[in-house]
Amino acid sequence: MPKGLEDTDGSDIPIFKISNIDFRPFIAIPICYIVPMKRPVRPLLGIFLFIVFVATLSCRTIVRRGLLSLELESKVLVQDPVPVFNATLLKYATIDLDEEHSKQEIQQLLDGNFGSHGRHRTFASWRRFIHHDVTARSAKGIPVMPRSPMFYRYWLQFRRVLHDWARKKTFQPEILLELVRLVKHSVDRHNGLVGSDQRYSSCAVVGNSGILLNSGYGKLIDNHEVVIRLNNARTENFEHDVGSKTNISFVNSNILHLCARREGCFCHPYGTNVPIVMYVCQPAHFLDYTVCNSSHKGPLLVTDPRFDVLCARIVKYYSVKRFLEMTGKALEDWTSAHDGAMFHYSSGMQAVMLALGICDKVSIFGFGKSDSARHHYHTNQKTELHLHDYEAEYALYHDLVEKPRVIPFLSNKFKVPPVVMYH
Ligand SMILES: *[C@@H]1O[C@H](CO)[C@@H](O)[C@H](O)[C@H]1NC(C)=O
Ligand SMILES: *[C@@H]1O[C@H](CO)[C@@H](O)[C@H](O)[C@H]1NC(C)=O
Ligand SMILES: *[C@@H]1O[C@H](CO)[C@@H](O)[C@H](O)[C@H]1NC(C)=O
């Protein structure tokens, strides 16, 4: 149980009520211990004494039972603590500092306003991609006309998808219970199966940390029913350490966006048949989504915005909590330390959360770092991105393995499956 945290939901009160009931036999004890008088025993008194005797016996039994249930009760209490969360932290973690800005951006996009430089680039690459995809490129590379029928079709689709997405962005922790329907059913249908409500028996979520090199985990990873990989990390030449099977490719939309601009990448490096689950980090990336979706044969699913909100709150809670514990600074200082509005959970974190929702057992590989290991097993990237708080996420994984009940924001109806972390 986190130190010094206040109780916010009072849900442990009923347990004390049960204790009250158990204490009643003790109140009855004096009545049970009437000492027999030394006069000759008359029949009536004999009957009375007999009743007292029987009462004593049953009182004892009740007392014993009472004690037993008290014991059981305290055991249950020790084994299964009612989680307590600091209300201030919870409240702070629910604030989305980017909300206003994001709403404006979505509205501008829906209005067809691609004003800013960054978005203009997206827009340009989108046109080029449609051009590249649909018509033969002219020698001068003249972009497709913005008002061409093809453009218009993508445009309508983009607006519809973005609009639906923005509308759904609310906090609804039960969303974890819906991931089987939202993700697994789609994958099942793609594999020619009827979507079953059974979860996958086991899943491996494979991160991209350099700690995987020389691990020899390849076979172990591939032995899971489903393997989830992150951000298009390569497996060729690394099979011995990372395995070769990919059932779900989990990416953030920036990966798809960069890929859409690169010829030969074509959005789907594991092949057009491997299902992709994508988390949208910038609304403008729906442009890339519509383009990639048209050429992908397997499902290309966008994470449900309610799932995004849940992940964002959990990671922010861990980040703020850790920040306060490590620095001793004030709550308000967290924003500047973590570039508040840009702060985000990593793809790896959401892929793990996805696995919790669709698998009976979850194994995590290639998460974490070591001084002797590269940042990524497949690139030479040196540093981590600052918009993520990996330390906070490691703290979350630790709780997933050891004591999932202390994780905030999860629905009581959701049962966290067993999680194993491989280092
Ligand atoms: C909750 O966290 C806030 C911020 O760190 C702290 O000021 C407050 O004392 C904490 N509340 C309790 C009951 O621990
Ligand atoms: C996972 O991928 C392997 C290899 O592509 C495939 O044989 C298997 O059927 C897939 N399993 C599921 C549940 O999709
Ligand atoms: C993505 O493509 C699939 C198959 O081509 C299609 O059924 C689906 O509606 C598309 N998704 C969106 C959101 O347009």
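**View 1. Seven strands make one open, parallel sheet.** In this predicted model, 7 strands form an open sheet with parallel pairing, in the order S5-S4-S3-S2-S1-S6-S7. Strands here are DSSP runs of E with at least two residues, helices are runs of H or I with at least four, and both are numbered from the N terminus; two strands pair if DSSP finds at least two bridges between them. S5 (300-302) and S7 (419-421) stand at the edges with a single partner strand each, so one side of each has no neighbour in the sheet. Neighbouring strands are turned by 20° against each other on average, direction ignored. Axes are lines fitted to C-alpha atoms, for helices over the stretch in contact, and angles run from 0 to 180 degrees between N-to-C directions. As for numbering, residues count from 1 along each chain as its sequence is written, while chains are lettered from A and ligands numbered from 1 in the order in which they are written. Because the model is predicted, local features need pLDDT of at least 70 and side-chain atom pairs count only at pLDDT 80 or more, whereas totals for chains, interfaces and linings use all residues.

**View 2. Strand S6 sits between S1 and S7.** Follow Ile 364 here: this residue of S6 is the bridge partner of Val 205, and its own partner in S7 is Met 421. Strand S1 (residues 203-206) runs parallel to S6 and is joined to it by 4 bridges, while S6 and S7 pair in the parallel sense over 3 bridges. Both faces of S6 are covered, with Val 362 and Ile 364 buried on one side and Ser 363 and Phe 365 buried on the other. A residue is buried if 20 or more other C-beta atoms, placed from the backbone, lie within 10 Å of its own.

**View 3. Strands S2 and S3 run parallel.** Here 3 bridges join S2 (residues 226-230) to S3 (residues 248-252). Look for Leu 230, which stands opposite Phe 250 in S3.

**View 4. Helix H15 meets both the sheet and helix H12.** H15 (residues 390-402) lies across S6 (362-365) and S7, running at about 130° to S7. Helix H12 (residues 305-327) packs against H15 at an angle of about 110°, with their axes 8 Å apart. That makes H12 roughly perpendicular to H15, a term for angles of 65 to 115 degrees. From H12, Ile 314, Val 315, Tyr 318, Ser 319 and Arg 322 meet Glu 391, Ala 392, Glu 393, Ala 395 and Leu 396 of H15; residues are in contact if their C-beta atoms, placed from the backbone, lie within 7 Å. By class, the contact of H12 with H15 has 6 nonpolar, 1 polar and 3 charged residues. Ala, Val, Leu, Ile, Met, Phe, Trp, Tyr, Cys and Pro count as nonpolar, Asp, Glu, Lys and Arg as charged, and the others, Gly among them, as polar.

**View 5. Helices H7 and H14 cross at roughly 95°.** The axes of H7 (residues 179-190) and H14 (residues 347-358) come within 9 Å. H7 is therefore roughly perpendicular to H14. On the H7 side, the contact is made by Leu 179, Val 180, Val 183 and Lys 184, and on the H14 side by Leu 354, Gly 357 and Ile 358.

**View 6. Helix H11 is mostly covered.** In H11 (residues 286-295), 8 of the 10 residues are buried, among them Phe 286, Tyr 289 and Cys 292.

Methods. Two residues are in contact if their C-beta atoms, placed from the backbone, lie within 7 Å. Angles under 35 degrees count as roughly parallel, over 145 as roughly antiparallel, 65 to 115 as roughly perpendicular and the rest as oblique. A residue is buried if 20 or more other C-beta atoms lie within 10 Å of its own, exposed if 12 or fewer, and partly exposed in between; C-beta atoms are placed from the backbone.
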